[in-house]
Amino acid sequence: MSSKPTIALGDARVGFRGRIEALAVEGAGIGLPGPELERRLIELGFVEGADVELLHQGLFGSDPIAVRVAHATIALRRREAMAILVSAEVPS
Amino acid sequence: MSAATPTIALVGNPNCGKTALFNALTGSRQKVANYPGVTVEKKTGRLTTPAGRSLQIVDLPGTYSLRARSPDEEITRDVVLGRLEGEAAPDLIVCVADATNLRLALRLALELKRVGRPVMLSLNMMDIARKRGIEIDADRLARELGVPVVSSIAVRRGGIDALLAKIDSAVANLPVAGAASWQVPDAGELRGGQHEADRLLRIVVRRSGERDLGTARADAVLLHPVAGLVILLAILFIMFQAVFAWARPAMDAIAAGFTWLGALVGAAPLPDLLKSFLKDGLIAGVGSVIVFLPQIVILFFFILVLEDLGYMARAAFLMDRIMGGAGLHGRAFIPLLSSFACAIPGIMSTRVIDDRRDRLTTILVAPLMTCSARIPVYTLIIGAFIPDRDVWGFVGLQGLVMFGLYAAGIVGALSVSFVLKRLIWRHSVGEPFMLELPDYKIPQARSLAIGLWTRATIFLKRAGTTILSMMVLIWVLASFPQPPEGATEPAISYSLAAMIGSAIQPITEPLGFNWQINVALIPGMAAREVAVGALGTIYAIDGGEGAAEKIGQIVAGQWSLGTALALLAWYVFAPQCASTLAVIRRETGSWKWMWVTFFYMLALAYVAALITYQVARAFGGG
Ligand SMILES: Nc1nc2c(ncn2[C@@H]2O[C@H](COP(=O)(O)OP(=O)(O)OP(=O)(O)O)[C@@H](O)[C@H]2O)c(=O)[nH]1
Ligand SMILES: [Mg+2]
């Protein structure tokens, strides 16, 4: 795909808008084994090319986060969101 | 066609309206609510189609794929693939999709096609989709997917007519079973499926991406890091205040009704023993429990409104970090919150938790959440010992104490899970939390009314069965043997009940319990409310003229404050519910965990009551 600069969705701030460029599960989730985490993320719609927006975050450690992925709103923890690499939307 | 009734399975993402459709199709009243993971069991119902065909409909837990990561999703997988013993795969799969949120549903539909059974896609919640201006080209979608597509509105009269017609024609010529090519998909397949679904979406849907405006506005406040938590606390607080404040008039009326009934029996020309049985055993006993119906209804009203609004998933979001700190899985919040109503559905709904240990922890602590059966006990004691006045000018002191008891249950549950997960099991802290936050919906009056009605009848049925039979037992124990001729003490002192109560006395003495409480606690193991009814009966026989409303006054006169507080502390923790223990055994599949729960709760209850009483006594409240 493109070689746009990416950041991990887990590092993004509230209000961030962008597009998923890749899933990088290796070493990302301490909890789940990488391949399992990847499948779960895909099942919730986190695939390459999907638009994302970070809508809300929790009080403690800014965790968890609520993310708009295309048409759905999904809550997840920043730790898992570290596996989602996103490129920022170019402001038009 | 085969002679057997064709079976149709409803499969779809969580919260897309499968159960609402199931209810509409079969006339059932299964639980419907606006959060993912409501249905955790397979439910079967019958339907006769307009063409006169008899069909079997199966409602299933929602899932994002057939991969089955948790016990509830395993049920869906096993039914769809025909893996259940003695059951074939369904003859037709109706894939239900939320029309406002098609993306993940289309991927699932593609996966379901590989099962090798006929599939049909039902675009549900069409009413909301139309209102939001979402246009779906159903014909095109049907052609692209290669399966029939139909629209439905599960919650409106006539909203399933088109679906019924399509089902009828599909069932008329069911093909022989096709080749099943479903295999556990890997990441590549899932990704490919989602890309294909996204392609379909671009072709057939217009205007789908926008967020629901109302939801966006509400979440700006309700999910605000600080305001959101404050509002959550405020909601819980108001709920417990309301349980007290709003229920009063209705409770007084019911109590007056039972008093009147008791007086009527008292004046009737009946043998004394029969009179005592009716008046003290049945009316005072069962009546003192039924009095609490209004409070139970109010509590359920709050819970049902929150569930239907779509607030539960938000509350789970807000509480995630706090729960995680105690070692609880993120998905544990909703099961624990449902346990405020009753631990049994709460324990059942832990099926949505994938990790076995996480699920077990949640099951073990769920009975510590204050269930509605504790309300009668709490209310009785609070009403008798806590003055009915306001603090800070606007908060009722009684409601405040009630809130404190709920808080004690929550803190207890969090502490126990902390000890289990962090100290005993030393479980890795890796549980992920991933939960879809559904759009808010305005609760429907009809479904609220049905929910309340169901709850009220369950409560009354319990009063008429478990509680009634326990009351008969208590009355017998408290009435026999009859006092000897020329007895000087009250009749009840010669009864079996008094003997049993006094026999346990040495054990409960340090807790400040008297023999009447002891006697009430034993049948109270069957169900918590029984204790209140038992006290009603015992004091009625003892004092002669006690009816439902009187126990409060009697208790206030006879117990010390320390005893009352200790009994409250006891009830926060005590495992006084046989059905909960039975469900724990069933859901964990072992007697061991049932006994673990029983004994740890008993130990906590004893220690809590002991400390409470001894401290109260030290301050002069003994
Ligand atoms: N407006 C509208 N609301 C609907 C419709 N179908 C379902 N709902 C609502 O959507 C929510 C979810 O419905 P359920 O039937 O519980 O969903 P489910 O698919 O069984 O969910 P799980 O059991 O959690 O998988 C409830 O609040 C329903 O009242 C519909 O066609 N129109
Ligand atoms: Mg359901």
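A:S62 is found in the loop between β3 and β4 of chain A, with helices (H or I, at least four residues) and strands (E, at least two) taken as DSSP runs numbered from the N terminus. The phi angle of A:S62 is near 55 degrees, a positive value in a residue other than glycine. That loop also holds A:P64, and the peptide bond leading from A:D63 to A:P64 is cis, with omega near -10 degrees. B:P481 sits in the loop between α19 (445-479) and α20 (496-508) of chain B.

A word on how to read these values: this is a predicted model, in which local features need pLDDT of at least 70, side-chain atom pairs count only at pLDDT 80 or more, and totals for chains, interfaces and linings use all residues. Residues are numbered from 1 along each chain as its sequence is written, chains are lettered from A and ligands numbered from 1 in the order in which they are written, and side-chain values use heavy atoms, with hydrogens and water left out. For chain B, the mean pLDDT (the predictor's confidence in each residue, from 0 to 100) is 88, and 96% of the residues reach 70 or more. The complex receives an ipTM of 0.93 and a pTM of 0.88 from the predictor.

Turning to the interface, 43 residues of chain B are in contact (heavy atoms within 4.5 Å) with 39 residues of chain A. Together the two chains bury about 3,700 Å², of which 58% is on carbon and sulfur atoms; buried area is the accessible area (1.4 Å probe) that two parts lose on being put together, summed over both. Eight salt bridges are counted between chain B and chain A, each being a side-chain nitrogen of Lys or Arg within 4 Å of a carboxyl oxygen of Asp or Glu. The side chains of A:R77 and B:D320 meet in a salt bridge, at 2.7 Å from N to O.

The open sheet has seven strands in the order β1(A)-β6(A)-β2(A)-β3(A)-β4(A)-β5(A)-β11(B), with antiparallel pairing. β1 (7-8) of chain A and β11 of chain B stand at the edges, each with a single partner strand, so one side of each is left without a neighbour in the sheet. Further in, strands β2 (residues 17-23) and β3 (residues 51-57) of chain A are antiparallel over three bridges, and A:R17 stands opposite A:E53.

Over all chains, the salt-bridge count comes to 36. One of them joins the side chains of A:E36 and A:R40, at 2.9 Å from N to O. These two residues are separated by about one helical turn because they lie four residues apart in helix α1 (residues 34-43) of chain A.

Key:
Two strands pair if DSSP finds at least two bridges between them.
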